[in-house]
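Subject: Two-chain model, handover and notes

Hello,

Here is the structure I said I would pass on.

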Amino acid sequence: MKTLVSISNVVTAFGEMVVHDDVSLSVRQGEIYGLLGGSGSGKSTLLKEMILLLRPRSGSIKILDYDLATISPSQATQLRHQWGVLFQGGALYSSLTVEENIQIKLLEYTELPLKLVKEIVHMKINMVGLPSSAASLYPAELSGGMVKRAALARALVMDPKLLFLDEPTSGLDPVGAEAFDKLIVELRDILGLTVVMVTHDIDSIWTIVDRFAVLGEKKVIAEGSLDEVMQTEHPVIDEFFRGKRGQMRSQSGK
Amino acid sequence: MTQATQRNIAKIDQRHIDGAVFLTSSGLWNVHSLNQVSKQLEQLVKTIKNTAIEWNISQVEQVDSAGMMLFIHYYDLLKSNNCSIQMTGTKLEHKKLYRLLRKHVAHCSISKDQPSSSALQVIESVGKTVVSSTIDVRDFLTFVGENFIHLIYSLRHPGSIRLSAITKNIEEAGLRALPIIALTSFLIGVVIAYQGAVQLEKFGANIFIVDMIGVSITRELAPLITAIVVAGRTGSSYTAQIGVMKLTEEIAAMRTMGFEPHRFLVLPRIIALMIALPLLIFFADIIGIAAGMFISHIHLDLSYTEFITRLQSVLPVKHVWIGLCKGPVFAWLIATVGCWRGFQVSISTESIGRYTTTSVVNSIFLVIAVDALFSVVLTELGI
C-alpha cells in the first residue's frame with residue numbers, strides 16, 4: 001500500500017528544549033492514523049511540521065511525494081490544495097459567515113459557477129450534520145460542536161486526499177464525539193480520504209483509528225495497530241492503556 | 001495532479017438519434033476541470049425537453065464531490081424537464097458517492113426576505129440605522145446610570161475605591177501623554193503666533209499678540225487640542241483593553257468572583273482621566289503660551305519681559321479657570337464612551353477594531369459638541 005506521509009529521523013528543538021529526537025513514522029493511503037501522547041509530548045508540533053507551519057531542525061518529512069525540506073513555493077501551493085486541516089479551536093474566520101468560510105477556497109482556487117459553489121457548500125454543511133440555517137451564522141454565534149463541524153466542512157470542501165485533524169473530538173460531549181468519529185470513518189470509506197489525527201481521546205483510538213503512534217520522551221515509543229502497540233512494554237503505554245480509563249475501555253471492548 | 005490538463009478536462013458530448021439523446025461524459029470531473037462542462041450542461045437543459053436520454057459515464061476517469069454535485073444538479077433539472085434518463089457505465093465508486101451526496105443535497109432554497117426594490121432598501125436601511133442609534137443612546141444612558149450607582153456606592157464605602165488602579169491609570173493617561181501634548185500644544189502656539197503676528201503687524205498693533213495668544217490658548221485651544229489627543233490616545237486604549245478582556249472572558253470571570261467591573265475597571269479609569277486631563281490642559285497652557293512668546297520674540301521683536309508683563313495685565317485668571325474646568329467634563333466623556341464601547345465588544349475579534357474606531361469618533365465628536373455648548377452658554381452668561 002502506498003505511503004502518503006513519511007517522517008524520518010525528525011529532530012525538533014526550540015532553543016535548548018528538544019521536542020523530538022529522531023522521530024520516524026509513516027502513514028499509508030486510506031488509513032486513519034492517530035498521533036497519541038501526553039500533553040507536551042510534541043504531537044501538535046509534529047502536526048504543524050507536516051502542514052508546513054513549522055520546520056524541523058533536521059530529518060525529512062515527505063507528504064504525497066513532496067519533500068517538505070526542498071519544496072518550492074508553487075509545489076507548496078499545489079500540496080496545500082490537496083489537504084484539509086481542522087484546527088483544534090476550529091479557526092474559522094470570525095468576520096465571515098459559515099457559508100463564506102466554507103466556500104472561500106472554492107472561490108479563490110477554482111472557476112466553478114457560483115450556483116454550483118453554493119450547492120456544494122450547502123451539501124457539505126448538511127453532510128457534516130449542521131442545520132442549513134447555520135450557513136448564514138457567524139462563528140461567534142455557533143456552539144463548540146457546531147464550530148468543529150463547520151471547520152470540518154471547510155477542510156473537506158475541495159475533496160482533499162489527506163485530512164489533518166487536531167484533536168477533533170476535544171470539547172465535544174461523548175455523544176457528539178461518537179457521531180463525529182462515525183462521520184470521519186464514513187467520509188474515509190466513501191471519499192477515500194487518508195486521515196492523520198492528533199488525539200488523546202482513548203475512545204477514538206479504540207474505535208476508529210487503524211494505526212497510531214505513541215509519542216513520549218521525545219521519541220516514538222510504539223507504532224502500529226492497537227494490538228501491536230499493546231504488546232510494547234513501556235511505562236507511557238501502561239499509563240495510557242492499563243490505567244483506570246484504559247482498562248474500563250478494554251473491558252467494554254470495541 | 002489535481003490540476004486538469006487540457007487533455008483530461010471534464011467533457012460531455014451529445015448525439016441525437018431518432019429523437020433520443022445520447023450523452024457521453026469523459027475526463028476528470030473534479031473541482032479544477034468543471035468550468036467548461038457546466039456551461040455546456042446549462043445550454044443542454046435549455047434545449048432538451050420531453051425526450052429520452054441515455055447518459056454514458058463509463059469514460060469518466062475520476063469524480064469528486066463537486067463533479068457529482070454538478071451531475072446531480074443537472075440530472076434533477078433534466079428530470080423536471082420531463083426527460084427520462086437512463087444511466088450507463090456507472091461504477092461502484094460513482095454509486096457510493098452519489099448515495100452519500102444525494103442524502104445530503106440541501107432541499108432548502110435559501111429564503112431571501114429582503115425587499116425587492118431599491119427604494120424600499122434605502123428606507124429599510126435608514127430605519128435600521130435610526131433604530132440602532134436609538135438603542136445606542138439608550139445603552140449609553142444605562143451604562144452611565146449603572147456607573148453612577150457604583151460611584152455612589154464607592155463614595156459611601158471609600159475603602160472600596162481602587163487607589164492603586166487610579167494612580168496607575170493617571171500615570172498611563174497623564175504622565176506618559178506629556179511628550180505628545182507638549183509637542184502638539186507647542187505647534188499650536190507657534191501657528192497662532194505666526195498667523196496673528198502677520199495680521200497685527202499691518203496695524204502696528206504688535207503688543208496685542210499677547211492678548212490673542214493668552215486668551216485663545218487658555219480658554220479654547222489648549223483644552224480642545226489636549227482632549228482630542230487624549231481621546232485618540234487613551235479613549236481608544238480603554239476600548240481595546242476592556243474589549244479584549246471581554247473576549248477572553250476575563251470580565252465574566254471577574255463577575256463570578258464578585259469583582260464588579262464597574263468598580264474595578266470603569267471607575268478608576270474615569271476618575272484617573274478626570275484628574276489627569278485638567279493637569280494636562282494646564283501643562284498645554286504653559287507650553288502653548290511659551291511657544292507664542294518665543295515666536296513673538298523672533299518675529300515681532302517683543303521681549304520676554306514685555307510679553308509677561310502684558311500677559312499679567314490682559315489675561316484675567318477666569319479664562320484659565322474656564323479652560324481647566326472643561327477638563328473634567330471632557331475627561332468624563334472620553335473615559336465613559338471609551339469604557340462603554342469596550343463593553344459592547346462581542347465575541348469576534350473584528351468587533352474590537354470596529355468599536356475602537358467608533359469610540360474615538362464618538363468621543364471626539366462629543367468633546368467638540370460640548371465645547372461649542374460651553375462657548376455659547378458662557379458667552380450668553382457674560383463670563
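Confidence

Please keep in mind that this is a predicted model. Its scores are ipTM 0.73 and pTM 0.68. For chain B the mean pLDDT is 88, with 95% of the residues at 70 or more. Within that chain, helix α11 (residues 317-344) has the highest confidence, at 95, and helix α8 (residues 250-256) the lowest, at a mean of 82. Separately, the pLDDT falls below 50 over residues 108-112 of chain B, and this stretch has one contact in the model beyond near neighbours in sequence. Where pLDDT is low, the coordinates should not be read in detail.

The hairpin of chain A

Strands β1 (residues 3-14) and β2 (residues 17-28) of chain A run antiparallel and are joined by eight bridges. Together β1(A) and β2(A) make a hairpin with two residues between them. In the turn, Gly15(A) has a positive phi of about 60°.

The six-stranded sheet of chain A

Chain A also has an open sheet of six strands with mixed pairing, in the order β6-β7-β8-β3-β9-β10. Its edge strands are β6 (83-86) and β10 (219-224), each of which pairs on one side only. On average, neighbouring strands here are turned by 15° against each other, direction ignored. One of the pairings is between β3 (residues 32-37) and β8 (residues 194-198) of chain A, which is parallel and has four bridges. In that pairing Leu35(A) has Val198(A) in β8(A) as its bridge partner.

Val214(A) lies in strand β9 (residues 211-216) of chain A. Is this residue buried or exposed? Val214(A) counts as buried because 25 other C-beta atoms lie within 10 Å, against a cut-off of 20 or more. Leaving aside neighbours within four places in sequence, Val214(A) is in contact with Leu36(A), Gly37(A), Ile221(A), Ala222(A), Val229(A), Val236(A) and Ile237(A).

Between the chains

The contact takes 22 residues from chain A and 25 from chain B. On the side of chain A, α4(A) gives the most, with seven residues. That side divides into 11 nonpolar, eight polar and three charged residues.

Helix α2 of chain B

Helix α2 (residues 65-80) of chain B has 16 residues and reaches 22 Å from its first C-alpha to its last, close to the 22 Å expected. Its buried residues include Met68(B), Met69(B), Leu70(B), Phe71(B), His73(B), Tyr74(B), Tyr75(B) and Leu78(B). What covers the buried residues of α2(B)? The cover includes α4 (114-127) of chain A. From chain B, it includes β2 (20-29), α1 (35-47), β3 (52-63), β4 (84-88) and α3 (92-104). Just after α2(B), Asn82(B) takes a positive phi of about 70°.

Regards

Conventions:
Residues are numbered from 1 along each chain as its sequence is written. Chains are lettered from A and ligands numbered from 1 in the order in which they are written. This is a predicted model: local features need pLDDT of at least 70, side-chain atom pairs count only at pLDDT 80 or more; totals for chains, interfaces and linings use all residues. The expected span of a helix is 1.5 Å times one less than its number of residues. A residue is buried if 20 or more other C-beta atoms lie within 10 Å of its own, exposed if 12 or fewer, and partly exposed in between; C-beta atoms are placed from the backbone. Two residues are in contact if their C-beta atoms, placed from the backbone, lie within 7 Å. Two strands pair if DSSP finds at least two bridges between them. pLDDT is the predictor's confidence in each residue, from 0 to 100. Ala, Val, Leu, Ile, Met, Phe, Trp, Tyr, Cys and Pro count as nonpolar, Asp, Glu, Lys and Arg as charged, and the others, Gly among them, as polar. Axes are lines fitted to C-alpha atoms, for helices over the stretch in contact, and angles run from 0 to 180 degrees between N-to-C directions.
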